[in-house]
Amino acid sequence: MRNTSKSTPSSTSVITLSQAIFTVNRHAKTAGNPKYLYSLKKRALMKMIREGKAKKVGLHFSKNPKNSQQQSDVLIDCGEYTFHLPPAKEDFKELPHLGSLDQSLRNPKCKMGLQQAKGILEQYTGMSDHTDQMRKTGKNQYQKPVFKKLGDSFF
């Protein structure tokens, strides 16, 4: 069931990419603005599926459905790790439904920092976080207000 091919360079090996996705996913769950991290995870997983480094296994009932009583997620097998993504319409037609998620199965732990994981996935997918780039350049976007003397026109 696990795809453990190691035929690619170490920076884009299945193991390295899956550990980076695991790290980004773990941090996204507690991040203040997780939108970029989740989109980075999704784009990396979709590219890995296209390249044959990961595969869609089936559908699971979601542990935390949003507005409905039941919701399904796509289970993706990627090296020694498994991940969930929201399903597309064709996933319901093509993939078997596996029922409820088995809580005893866990992904292995990995010791990778968020910045390293983001760097690996950004290089792999070609995505970049514009707010992170602004923070790295150190340029302050704030401009001091200009006050006119009393009686001067603002126009």
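Student: Why is D91 called buried?

Tutor: Buried means under 20% relative accessible area, exposed over 50%, partly exposed in between (1.4 Å probe, protein chains only). D91 has 3% relative accessibility, so D91 counts as buried. Keep in mind that this is a predicted model: local features need pLDDT of at least 70, side-chain atom pairs count only at pLDDT 80 or more, and totals for chains, interfaces and linings use all residues. Residues are numbered from 1 along each chain as its sequence is written, and side-chain values use heavy atoms, with hydrogens and water left out.

Student: What makes D91 and K56 a polar contact?

Tutor: The term needs a pair of N or O atoms within 3.5 Å; within protein, one must be able to donate a hydrogen and the other to accept it, and residues adjacent in sequence count only if both atoms are side-chain atoms. The side chains of D91 and K56 make theirs at 3.0 Å.

Student: Which residues does D91 touch, leaving out those up to four places away in sequence?

Tutor: K56, L59 and V74, where contact means heavy atoms within 4.5 Å.

Student: How do you know that the span of helix α1 agrees with its length?

Tutor: Helices (H or I, at least four residues) are DSSP runs, numbered from the N terminus. The expected span is 1.5 Å times one less than the number of residues. For the 15 residues of α1 (residues 14–28) that should be 21 Å, and the end C-alpha atoms are 21 Å apart, so the two agree.

Student: What makes α1 mostly covered?

Tutor: Buried residues make up 11 of its 15, including F22 and N25. The buried ones pack against α2, β2, β3 and α4.

Methods
Helices (H or I, at least four residues) and strands (E, at least two) are DSSP runs, numbered from the N terminus.
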